[in-house]
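My notes are below the view.

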Amino acid sequence: QVQLVESGGGLVQAGGSLRLSCAASGNIGSIYDMGWYRQPPGKQRELVARITSDGSTNYADSVKGRFTISRDNARNTVYLQLTGLKPEDTAVYYCNAYKRYSPISAVDLWGQGTQVTVSS
C-alpha cells in the first residue's frame, strides 16, 4: 500500500501561517481522494478539509476562509495552507488517502501526523 508522510508542522503565534505537506510513496497505482484531519488534545479526530481525485474541495466550518487544501498529482503530494491560526487550531494534523474499488473493498490510509501548536 501507499505510505503517507506529513511535514511542515511547528509552533507559531496566533495569526500566523503554516503550510503542511503530505507526500505519498510506494506502489502508487491510482489517484486517491485526499483529506486532512486533526485531533486536538483530549478530543476526537475531526475532518479539516478534503479534496477529491478531480480537485473538488470541502472544508469544516471552523476553518473555512482560513485553510486551503490543494494537490499536485504529478508529485503525489497534497498540501494544507493554514492562515490566521488560532489557539484552538492546536492539534496533531493527519493526512488521509481513500479510494473505493467496490461496494465491499476500499483503501483508507493514514500518515503518522504532524504537530501544530498555536500560542496565544
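These entries go from the ground rules to the cavity and then to the sheet.

Ground rules: I'm working on a predicted model, where local features need pLDDT of at least 70, side-chain atom pairs count only at pLDDT 80 or more, and totals for chains, interfaces and linings use all residues. Residues are numbered from 1 along each chain as its sequence is written, and side-chain values use heavy atoms, with hydrogens and water left out.

Cavity: I looked for sets of points on a 1 Å grid over the protein atoms alone where a 1.4 Å probe fits but cannot get out. The count came to one cavity of 30 Å³ or more. I noted about 150 Å³ for the largest cavity, a volume being the space filled by probe spheres set on the points, which are joined across faces, edges and corners.

Lining: Which residues lie nearest the centre of the largest cavity? I found Ala-24, Tyr-32, Met-34, Arg-71 and Asn-76, out of 16 lining residues (those with an atom within 4 Å of a point). I sorted the lining into ten nonpolar, four polar and two charged residues, with Tyr counted as nonpolar and Gly as polar. Strand 3 (18-25), strand 7 (67-72) and strand 8 (77-82) each supply at least two lining residues; strands are DSSP runs of E, at least two residues, numbered from the N terminus.

Sheet: I traced four strands in an open antiparallel sheet, order 1-3-8-7, where pairing takes at least two DSSP bridges. Strand 1 (3-7) and strand 7 are the edges, each pairing on one side only. Strands 7 and 8 pair over six bridges, and Arg-71 has Val-78 in strand 8 as its bridge partner.

Methods: 1 Å grid on protein atoms, 1.4 Å probe; cavity = no way out; pocket = protein on both sides within 12 Å on 5 of 7 lines; lining within 4 Å.
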